There are 2 protein chains.
Amino acid sequence: MSDAEQTRQNILTVAADEIHHHGFKATSLSSILTRCEISKGALYYHFTSKIELGYAVFEEVYTPMFLDVWQTPLSDEDPIEGLCKFLTAMTDEMACSEVVCGCPLNNLCEEMANVDEGFRLRILCMQEQLNQLIVDALERISDGLRENLAFSQVGYFIVSTLNGATSLSKSSRNKELFQQVIAELCLYIRALKK
Amino acid sequence: MSDAEQTRQNILTVAADEIHHHGFKATSLSSILTRCEISKGALYYHFTSKIELGYAVFEEVYTPMFLDVWQTPLSDEDPIEGLCKFLTAMTDEMACSEVVCGCPLNNLCEEMANVDEGFRLRILCMQEQLNQLIVDALERISDGLRENLAFSQVGYFIVSTLNGATSLSKSSRNKELFQQVIAELCLYIRALKK
DNA sequence: ATAATAACCAACCACTCGGTATGTTGCAAG
DNA sequence: CTTGCAACATACCGAGTGGTTGGTTATTAT
């Protein structure tokens, strides 16, 4: 990797972390510059504006990470159990910082979706991709599921609940609350089976 | 109501609306001053700081409105049906601005809970109150519900899902998505019955 | 050796923000 | 009539923001 590309990646990584911790608007370029030990000119050489940097973080850091994390459990032979294990494992492995800061994508969604169209469209696109992952997994094992299930609806329901649970645990700083909601969500998911 | 109290209430109302639309941090005092047609001195006569104004909005505008809205359907003779009707009615009556801006409390929670302790504690307190409303309603009709239900867990699950659905529809600006999640949520709620 | 370009630096700009200090008005009590 | 306080208004401050600009290296191609 060239020096320039190295610099760019470093900016992306640091920016992703800063945005995760402070939100997009509250993230100041100067804090990124300080942590990267570069000048403002260097940043504006690689990115034309703050918001373009935000888009790049979303597309090149958050999205791949997110889709990859969901892909694994859904590719399981039994995606129902895969999902449940994935969700409960999430509660166990959840670091303190994750409880406090919440999901980076969820945060960006809350903060920027109704403010900036560029963010909104990117978030929307990602949500549809994620929902499609779930729908595909459910269709694959539809023979073993209850009749009359609306797969897309179920997918959005699961994602909504998970987002809500993250939000809840974030504000309460209570890991246990998160675990409770996830436990109830697993009950719901397992009840999808015949 | 005295003139001074009138001024104070006007500030609270306008601030609540501005915070709902732009978030707390992004809400500038100047915009509130302009809409209220008052000076900065007037505002700082009634509130000692921006964050104290935010607390007042939370306690005197958002919280009463929110608890009142939930109390009604949960006081129904059949709170299960009351909740479902309440939720579906919410999707129908949902104005465009509400789809776009989301729930004011949910927004504040996302934005401020992990930034300011004052907000966090107030939000936490309110969430517990809301959950207690649900738990009370469920316990009241526990004879007609499935065995082995964890009422508190169910309460947080419902609230989480609703919050997540609001968040989802906000970013997607798609009312239909919200309706789908709510429809699935009603299926879940009705399945609580024996 | 020279020219060109990529990669970066540092100073600065215009602007907005929350907050404060001081000034002004109107009314009510003495 | 005047004193005093509630209820504002006005002017200003310092800090911080994203963004721009002109200059500086280091490397590479010719």
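## Helices H8 and H9 of chain A

In this predicted model, helix H8 (residues 117-140) of chain A packs against helix H9 (residues 151-172) of chain A at an angle of about 120 degrees, with the axes 9 Å apart. Helices are DSSP runs (H or I) of at least four residues, numbered from the N terminus. Axes are lines fitted to C-alpha atoms over the stretch in contact, and angles run from 0 to 180 degrees between N-to-C directions. H8(A) and H9(A) are therefore oblique to each other (under 35 degrees is roughly parallel, over 145 roughly antiparallel, 65 to 115 roughly perpendicular, the rest oblique).

Contact means heavy atoms within 4.5 Å. On H8(A), the residues that meet H9(A) include A:Leu130, A:Ile134 and A:Leu138. Among their partners in H9(A) are A:Phe151, A:Val154 and A:Tyr156.

## Helices H4 and H5 of chain A

Helix H4 (residues 50-74) of chain A and helix H5 (residues 79-93) of chain A cross at roughly 130 degrees. Their axes come within 7 Å. H4(A) and H5(A) are therefore oblique to each other. A:Val69, A:Trp70, A:Pro73 and A:Leu74 in H4(A) touch A:Pro79, A:Gly82, A:Leu83 and A:Phe86 in H5(A).

## Where chains A and B meet

Chain A gives 39 residues to the contact, and chain B gives 40 residues. Three salt bridges cross the interface of chain A and chain B (a side-chain nitrogen of Lys or Arg within 4 Å of a carboxyl oxygen of Asp or Glu). A:Glu117 forms a salt bridge with B:Arg173, with the closest N and O atoms 4.0 Å apart.

## Basis

Residues are numbered from 1 along each chain as its sequence is written, and chains are lettered from A and ligands numbered from 1 in the order in which they are written. Local features need pLDDT of at least 70, side-chain atom pairs count only at pLDDT 80 or more, totals for chains, interfaces and linings use all residues, and side-chain values use heavy atoms, leaving out hydrogens and water.

Note on methods: Helix = DSSP H or I, 4+ residues; strand = E, 2+ residues; numbered from the N terminus.
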